[in-house]
Amino acid sequence: MPDTRSGPGWAADRIARLMPEMRRDLDDLVRIPSISGPEWPQAPIREAHDLVARLFREAGVETRELNLPDTAPVVIGELPGPPGAPTVLLYSHYDVVPPGDESLWASPPFEPAERDGAVYGRGTADTKSNIVAHLGALRAWEGRPPVGIKVVIEGAEEIGGGALTTHPATDPDLFRADVMIIGDMGSVRPGVPTLTVALRGTASIVVEARTLSSAKHSGQYGGAAPDALLALLHALSTLHDERGDVAVPGLRRTEWTGGGISEADFRELAEVADGQPLIGTGSLGSRIWSGPAITVTGVDAPGVDRAVNAVSPHARAALNLRVHPEQDAAEAQAAVIEHLRSLRPMGVGIDVHAGPTGNGFVARTDSVAYEAAKAAWSAAWGAQTVMVGAGGSIPLVSALASAVPEADVLLVGTTDGYANIHGPNERVLLDELARATAAEADFFARLAEAGRPA
């Protein structure tokens, strides 16, 4: 059979024929409730790992299992390329977040359901479809791509990556490649080919006030007894100014100079209620991609529905800090902790506890690999590729980039801004899955033709 992997549209044609098989693989993966975290059953994690390993072996990759302390098993694989060809590392993760309130789902979260050209289910977009895209790109080449392939598919990304985030520094050769394709992103919106070139870092912080041994009658004691919830709210209110900008000293913010999305698109994507403003000042990109954000992600306090007239003895809040892509996340976390510990709202002392951190990332875009990627992604979508930032974090990316600094890193994928990852009714568009897979397969050819990135 003659090799037809040349000319316009070859990758799209190949992927169109492969889509039924890819769809079956996606369904099989989504049916596995591979929720990461020690409080969740570990059998589905093992099942997902084993299925991913088998699928890559069937695609021609020699795989093995990497076991690290307190971390889900990692699928490691390798497929040698032609002599002198560049090597491409393919990354993704098979774990997912919990489904949340299942009553908010239109169909069971772990039973994939197709509606209007999309597959719904937990993990469809984040990020089992990206595993399928890697597999599809290899199948397009019938297991003989023109580049060398390495595979790293982990199972603890959603809880920070565990010991895998420190492993590249101790074993860089395992991850050494000319290009790394991080399959955990996607289009800024459907139909727009997108390369993500920056990720904010992340850090967790818990803030706590404890003032009384137990709750006390608000009529007898309110007005003098120190209210833990009131003190906590005062402390939290100092994290932002009246315009919504982060007000903590020591957090880096720069103007975003790359591409972006309009405020109207952002409002639609974020589902901002009518009449409500966006918070903060400056360009949208500098607020969500190249500046800090502090979000109160949870509060422990008496619930409204069962409230009693009492002074709160204890209150606690969880904070998520997002950090400028080039600022050390631990440094930024320390700045917030120092700010909070310096406060004594109404004389009440505040306890602050540091949680996990993960550094951000900024891609090097002036390379042969990026030129090949822009061409491949533009060809797959029939539109000009845009380069954007992302507010989310992928803990392993910074570790990989530090361990193998010569590698070009492409942050791409199958999802889009409306995929509702981490929310109810998560979905992936089959058209976006097909285009992302075709782009990756085409990129292998373009990179091989261009040679090793400079």
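Two strands are said to pair when DSSP finds at least two bridges between them. With that in hand, here are my notes on this model, which is a predicted one.

1. **The four-stranded sheet.** Strand β10 (residues 201–210) and strand β14 (residues 314–323) pair in the antiparallel sense, with 10 bridges between them. β10 also pairs with strand β15 (residues 351–358), again antiparallel, over 6 bridges. Together with β12 these strands make an open sheet of 4 strands in the order β12-β14-β10-β15. Its edges are β12 (293–300) and β15, each of which pairs on one side only.

2. V206 has H353 of β15 opposite it. As you step along the strand, keep in mind that side chains in a regular strand alternate between the two faces of the sheet.

3. **How enclosed is β10, and what covers its sheet?** Of the 10 residues in β10, 7 are buried, so the strand is largely enclosed by the rest of the structure. Helix α7 (residues 228–237) packs on the sheet, where it touches β10, β12 and β14. The direction of α7 makes about 15 degrees with that of β14. Helix α10 (residues 329–341) lies across β10, β12, β14 and β15, and runs at about 170 degrees to β15.

4. **The three-stranded sheet.** Another open sheet has 3 strands, ordered β4-β5-β20 and paired antiparallel. Here β4 and β20 (427–429) are the edge strands, each pairing on one side only. The average twist from one strand to the next is 25 degrees. Strand β5 (residues 118–120) meets β20 over 3 antiparallel bridges, with V119 standing opposite V428. Helix α3 packs on this sheet and touches β5 and β20, its direction making about 50 degrees with that of β20.

5. **The nonpolar cores.** Which residues have the most contacts inside the largest nonpolar core? They are F443 and F444, in a core of 102 residues. Helix α13 (residues 430–450) gives the most to this core, contributing 11 residues. A second, separate core has 27 residues, including L239, A317, I337 and L343. Going back to F444, its contacts beyond four places in sequence include V88, L90, W141, P145, P146 and I181.

6. **Helix α2.** This helix (residues 43–58) has 16 residues and, at 1.5 Å a residue, should span 22 Å; its end C-alpha atoms are 23 Å apart, which agrees. Among its buried residues are P44, I45, L51, V52 and F56. Buried residues of α2 pack against α1 (10–30), β1, β2 (74–79), α3 (124–140) and β6 (148–154). After the helix comes G60, which has a positive phi near 105 degrees.

7. T63 belongs to strand β1 (residues 62–66). Is T63 buried or exposed? Its relative accessible area is 18%, and buried means under 20%, so T63 counts as buried. The side chain of T63 makes a polar contact of 3.3 Å with that of R57. Beyond four places in sequence, T63 is in contact with A53, F56, R57, V75, I76 and G77.

8. **Two buried loop residues.** V97 sits in the loop between β3 (87–93) and β4 (113–115), and is buried with a relative accessible area of 13%. Apart from neighbours within four places in sequence, V97 is in contact with I35, R122, E158 and H422. From V97 to F175, 78 residues along the chain, the C-alpha separation is 26 Å. A85 is in the loop between β2 and β3, and at 13% relative accessibility A85 also counts as buried. A85 and G148 lie 63 residues apart in sequence, yet their C-alpha atoms are 6.5 Å apart in space.

Key. Residues are numbered from 1 along each chain as its sequence is written. This is a predicted model: local features need pLDDT of at least 70, side-chain atom pairs count only at pLDDT 80 or more; totals for chains, interfaces and linings use all residues. Side-chain values use heavy atoms; hydrogens and water are left out. A nonpolar core is a set of buried Ala, Val, Leu, Ile, Met, Phe, Trp, Tyr and Cys residues joined through side-chain atoms within 4.5 Å. Buried means under 20% relative accessible area, exposed over 50%, partly exposed in between (1.4 Å probe, protein chains only). Contact means heavy atoms within 4.5 Å. A polar contact is a pair of N or O atoms within 3.5 Å; within protein, one must be able to donate a hydrogen and the other to accept it, and residues adjacent in sequence count only if both atoms are side-chain atoms. The expected span of a helix is 1.5 Å times one less than its number of residues. Axes are lines fitted to C-alpha atoms, for helices over the stretch in contact, and angles run from 0 to 180 degrees between N-to-C directions.
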